[in-house]
Amino acid sequence: MINEVTNIVVETLPQIQGYVYPNESNVHPVWSVLIVIYPYITGLVAGAFIMASLVRVFNVKALAPVYRMSMLTALAFLLCATLPLLCHLGHPERNYEVMMTPHMTSPMAIFGFVYAWYLMAVLLLELWFDFRQDFVKWSKTTPGFQGLIYRVLTLGVTDVSEQSVRLDMKMEWILSIVGIPSAFLLHGYVGFIFGSIKANPWWGNVLMPIMFILSAIVSGIALCVFNYIVLTWIRRKTVNMRCLDAMAMFLFYALLVDAVIETLDVLHRGFAAEEGFAVLQTMIREKLFYTLNIGQVGIGTLVPLLMLGALQLLRHRVPEAVRRTMIFCSGAMILFGVLMMRWNVVMGGQFFSKSFRGVMSYKMEFSGQEGWLLGAAIMCLPFIILTVLVKLFLSESEQLQPCEHLPENSSKT
Amino acid sequence: MLPFKLPPQILRLVLVAMAIVGSYFVARSFLVPPSFGQYGWYRGAALAEIASREPVFAGKQSCDECHSDILHKLAKDAHKTLSCEGCHGVSREHGNNPDILPVKSTGSHCIRCHEANLARPTWLKQIVVKDHYGPKCTECHLPHQPTKSP
């Protein structure tokens with residue numbers, strides 16, 4: 001008996017403070033760490049794609065060397081974007097049923113359409129048009145299984161005449177123009193899922209989709225910086241500093257806008273101080289102190305802003321190696337900070353009682369369907385896929401040169 | 001001859017797209033569970049599946065057969081509204097075979113119900129365990145007759 005009582009005191013009570021409805025005092029929040037990873041991954045996809053469209057649509061030539069890499073990054077992460085959701089289902093083994101019976105009026109089910117559109121109609125198509133010429137070339141020169149892959153990927157079209165290549169480029173250009181709103185849609189949708197929950201003051205907020213998109217762009221560029229530096233390091237190549245500086249510049253401005261919008265959100269909430277503001281304050285001061293103030297604001301925003309901002313001012317005074325390290329560190333910190341931001345959004349909304357007078361907490365499990373082990377595995381998977389994609393589609397020699405068919409041709413045609 | 005000819009790569013893509021959409025519909029005809037949509041946007045058979053599950057709770061009446069004394073005691077005191085299994089855990093197996101003891105044979109987590117919480121109705125007697133007489137509830141309260149002491 002004594003044992004049981006003390007167990008309970010240890011087990012349930014510290015999880016709850018203040019006035020919490022009995023049915024809210026669950027051991028876990030319903031949306032666990034997997035739901036933190038889901039917006040993180042979709043954000044990386046959308047961000048990496050938007051970074052690639054800087055090359056295609058806005059004609060930023062300095063970024064051409066990372067165009068293909070960022071498109072492949074977007075693809076690798078998009079392929080894993082649904083995994084956290086599917087693993088989170090009560091019956092993950094029946095996940096295909098959800099895709100076979102799409103529902104038009106459920107906001108959750110709309111993700112299926114958004115996802116399918118983005119993967120099939122935008123990303124794969126654009127990649128295919130971009131690589132088609134090379135598929136034809138490689139399928140002729142590569143023997144064995146790998147050659148077979150290229151041959152299948154040509155879809156049997158071997159026409160690489162100037163006329164057809166020009167058509168490819170036009171299509172690519174159209175697709176990346178379609179792709180930008182689609183990328184915004186993909187991630188704006190994720191923000192909408194949270195922002196449309198009116199009863200929850202932490203979530204229900206029209207700025208939510210916008211903050212999600214901006215932080216997605218930031219995290220996507222940071223991921224490209226990270227991948228680019230790691231890739232050149234693995235391949236023992238030198239980093240193209242012009243390209244890296246350009247990425248750092250865009251990263252800085254995107255981060256600046258993101259930080260401003262998020263600050264605006266905080267100021268607005270603070271000024272309006274609507275019902276439930278007191279509990280939000282408790283969250284910021286206590287429950288989310290480390291992940292919000294230190295993780296998201298400190299490590300994820302202020303330090304990178306300072307580092308990247310200093311680089312914008314003093315670019316020519318800082319030696320290349322130092323610059324590279326600083327950009328790499330900012331990228332890594334931003335990646336971490338955006339993950340923390342997703343955590344704060346997803347968990348923050350579940351840490352306080354609907355009475356606004358009590359708070360709960362969450363201790364991550366290690367194993368199991370909702371454990372962080374599975375979450376970490378899902379986070380590793382895109383990198384594994386990306387490695388395969390890079391092996392197949394980014395030949396070493398091409399890496400640092402801009403693509404052979406420069407994008408500016410495309411916008412002229 | 002068509003006046004306008006689709007470029008070969010577009011033609012292939014159209015074919016691939018048609019193949020994908022086609023195979024989706026073929027897959028649908030196999031993979032959508034047969035009873036889907038019978039009553040609504042879900043598997044009709046799920047209802048029967050859930051209904052056919054073995055119950056794990058037995059209910060108060062089934063304990064009467066062997067523990068009628070406790071049932072009487074319980075019915076006369078403050079805990080009369082509680083079910084045995086609310087404190088002892090699922091006991092259907094135990095009722096069928098007394099050698100298998102109930103999940104919590106030695107009683108319950110009293111504080112699950114009695115720890116003070118503002119959200120609880122005020123008619124439910126609540127204590128702050130830290131300030132109460134001691135952690136070992138059954139020393140002073142009979143669980144089946146909570147107003148009496150042993």
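The model is predicted, with local features needing pLDDT of at least 70 and side-chain atom pairs pLDDT 80 or more, while totals for chains, interfaces and linings use all residues. Residues are numbered from 1 along each chain as its sequence is written, chains are lettered from A in the order in which they are written, and side-chain values use heavy atoms, without hydrogens and water.

User: Why is D245(A) called buried?

Analyst: Buried means under 20% relative accessible area, exposed over 50%, and partly exposed in between (1.4 Å probe, protein chains only). D245(A) has 9% relative accessibility, so D245(A) counts as buried.

User: What is D245(A) in contact with, leaving aside its neighbours within four places in sequence?

Analyst: Contact means heavy atoms within 4.5 Å. With those neighbours left aside, D245(A) is in contact with R315(A), R323(A) and I327(A). D245(A) itself is in helix 10 of chain A; helices (H or I, at least four residues) and strands (E, at least two) are DSSP runs, numbered from the N terminus.

User: Which residues line the second largest cavity?

Analyst: On a 1 Å grid over the protein atoms alone, a cavity is a set of points where a 1.4 Å probe fits but cannot get out, and lining residues have an atom within 4 Å of a point. The lining consists of D245(A), A248(A), L311(A), Q312(A), R315(A) and R323(A). Helix 10 (241-272) and helix 12 (289-314) of chain A each supply at least two residues of this lining.

User: Why is F366(A) called partly exposed?

Analyst: The relative accessible area of F366(A) is 47%, which is why F366(A) is partly exposed. F366(A) sits in the loop between strand 2 (358-360) and helix 14 (372-393) of chain A.

User: What makes N59(A) and L155(A) stand out in phi?

Analyst: N59(A) has a positive phi of about 65° although it is not a glycine. L155(A), also not a glycine, has a positive phi of about 55°. N59(A) lies in the loop between helix 2 (33-56) and helix 3 (67-80) of chain A, and L155(A) in the loop between helix 7 (144-153) and helix 8 (162-195) of chain A.

User: How many salt bridges are counted between chain A and chain B?

Analyst: A salt bridge is a side-chain nitrogen of Lys or Arg within 4 Å of a carboxyl oxygen of Asp or Glu. The count between chain A and chain B is zero. Even so, 32 residues of chain A are in contact with 31 residues of chain B.

Conventions:
1 Å grid on protein atoms, 1.4 Å probe; cavity = no way out; pocket = protein on both sides within 12 Å on 5 of 7 lines; lining within 4 Å.
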